[in-house]
Protein chains: 2
Amino acid sequence: MKKIAVITAGGIGNRMGIDTPKQFLLLAGKPLLWHCIQSFLTAFNDIDFILILPAHYLDGAEALIADLQIGHRTTIVAGGSTRFHSVQNGLKKIEEPAVIFVHDGVRCLVSPNLIKRCYEQTMQTGSAIPAVVSTDSIRLDQGGYSQSIDRNLVHIVQTPQTFLSELLLPAFEQDYCDSFTDEATVVEAAGKKVALIEGEYRNIKITRPVDLLMAEMLLAEKG
Amino acid sequence: MKKIAVITAGGIGNRMGIDTPKQFLLLAGKPLLWHCIQSFLTAFNDIDFILILPAHYLDGAEALIADLQIGHRTTIVAGGSTRFHSVQNGLKKIEEPAVIFVHDGVRCLVSPNLIKRCYEQTMQTGSAIPAVVSTDSIRLDQGGYSQSIDRNLVHIVQTPQTFLSELLLPAFEQDYCDSFTDEATVVEAAGKKVALIEGEYRNIKITRPVDLLMAEMLLAEKG
């Protein structure tokens, strides 16, 4: 089936304390976004890309696209005011049935293996949301006092959140709601269930300077 | 009120791939456990310590205790088969009313400020459980399919878990149960509620080699 990776790189990275959008920071000499795209290419050599970039930074990906030689199968789209609006902008470019991977551009250590497993699960159940079980105790706040939850039931959600287009595209026609923190919540609000699959602890999100150093270590460990 | 820090350092650290118990690994030239104790001493110069160590490593803390000059107010206890049994062993040494801080020996970056806030909250409400709000989306597993939870309600629990002795000591007279993942769950099983307070994102737990490198970076950032 057709495969499309929608990579959300529209953030402006104010937690990093720098001007460069964080998805363009360098890890082992290449932008974070490069590492994401490379993993998708390793998983599937017939995949297309929709890159969602900050509106003022649309030209910033040109060198990267040339380097990866994906110009012929890449569409660039400007980000919106929220993740929902950014992804919605990207999904408008999709016109044929596909498996759609929506991926955080700052999860640069995603493995080709995880991407393939997301595809296979989606072909079976319509969706695949990678998540890892919490290794910490978790509690739910209940107005000052709190209640514990069995941590084996608590899943920390990652990306690529993967869906059949027939499930994802109609869900993104809904009006925006504050509870839309990721694509899974959008699909659920449209009355559909989503399937979890085992994520990877190393599939971290780079949001603070310390995360970038951590990614360097994890990459060195692997190399 | 009397203050006692029960520091759980009974683990044998098999995830680190080394023989040294991880609470004795060095950070900036001092064992992790040293950093924990130092923070409690900075918070309260009249605090006593109960150190829970691996049974085969009871002598391993001698140099550390001498270095910190806390021999006169430190009791060493052997760890048990679970965290519950380890803490239970330590609590048996407490005979007078106190504020008891139960702290992971591998959370070496706990700040004196957090320790003081735990004390103050406990004097008001009987307990204080530091926790940070999740920055990731969280889902609850429901047999293959899953359901999202508002992440603002999801708290990742840290230590020192702090209690009045009149609340904590009777709770630890219960029979052991698999759901006792920390002291808060033990106290709740005894029919009491616990109060959450704002933890610190840098108050990380050192369980893998990469965590130790992260702690070094966080320490350098602070210094």
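What is the handedness of the crossing of helix 1 of chain B and helix 4 of chain B? In this predicted model, the crossing of these two helices of chain B is right-handed. Two packed helices are described by the angle between their axes and the distance between the axes. For helix 1 (residues 32-43) and helix 4 (residues 112-125) of chain B, the angle is about 60° and the axes lie 8 Å apart. The two helices of chain B, helix 1 and helix 4, are therefore oblique to each other. On the helix 1 side of chain B, the meeting residues are Ser39(B), Phe40(B), Thr42(B) and Ala43(B), and helix 4 of chain B answers with Pro112(B), Ile115(B) and Lys116(B). Sorted by class, the residues of this contact between helix 1 and helix 4 of chain B comprise 4 nonpolar, 2 polar and 1 charged.

We can now turn to the pair of chains. Two copies of a chain are related by a rotation about an axis and a shift along it. Here, chain B is superposed on chain A by a rotation of 180° with 0.0 Å of shift along the axis, at an RMSD of 0.0 Å. That is the relation of a two-fold axis. Within chain B, Met214(B) has the C-alpha nearest the axis, at 3.4 Å from it. Both copies use the same surface, as 100% of the contact residues of chain B recur in chain A.

The contact between the chains draws 31 residues from chain B and 31 residues from chain A. On the side of chain B that touches chain A, at least two residues each come from strand 8 (138-142), strand 9 (145-149), strand 10 (154-157), helix 6 (183-189) and helix 7 (209-222) of chain B. Helix 7 of chain B gives the most to this side, with 5 residues. The side of chain B that touches chain A holds 17 nonpolar, 7 polar and 7 charged residues.

Helix 7 also meets its counterpart. Helix 7 (residues 209-222) of chain A packs with helix 7 of chain B at an angle of about 145°, the axes being 10 Å apart, and the crossing is right-handed. Val210(A), Leu213(A), Met214(A), Met217(A) and Leu218(A) make this contact with Val210(B), Leu213(B), Met214(B), Met217(B) and Leu218(B). The contact of the two helices has 10 nonpolar residues, with no polar and no charged ones.

Strands join the chains as well. Strand 8 (residues 138-142) of chain A runs antiparallel to strand 10 of chain B, and 3 bridges join them. Ile138(A) has Ile156(B), in strand 10 of chain B, as its bridge partner.

Notes. Residues numbered from 1 in each chain as written. Chains lettered and ligands numbered in written order. Predicted model: local features only at pLDDT ≥ 70, side-chain atom pairs only at ≥ 80, totals over all residues. Contact = placed C-beta atoms within 7 Å. Helix = DSSP H or I, 4+ residues; strand = E, 2+ residues; numbered from the N terminus. Nonpolar A, V, L, I, M, F, W, Y, C, P; charged D, E, K, R; others polar. Pairing = 2+ DSSP bridges. Axes fitted to C-alpha atoms, helices over the stretch in contact; angles between N-to-C directions. Parallel < 35°, antiparallel > 145°, perpendicular 65-115°, else oblique. Left-handed = near helix turned anticlockwise from the far one by under 90°. Least-squares fit on C-alpha atoms with pLDDT ≥ 70 in both.
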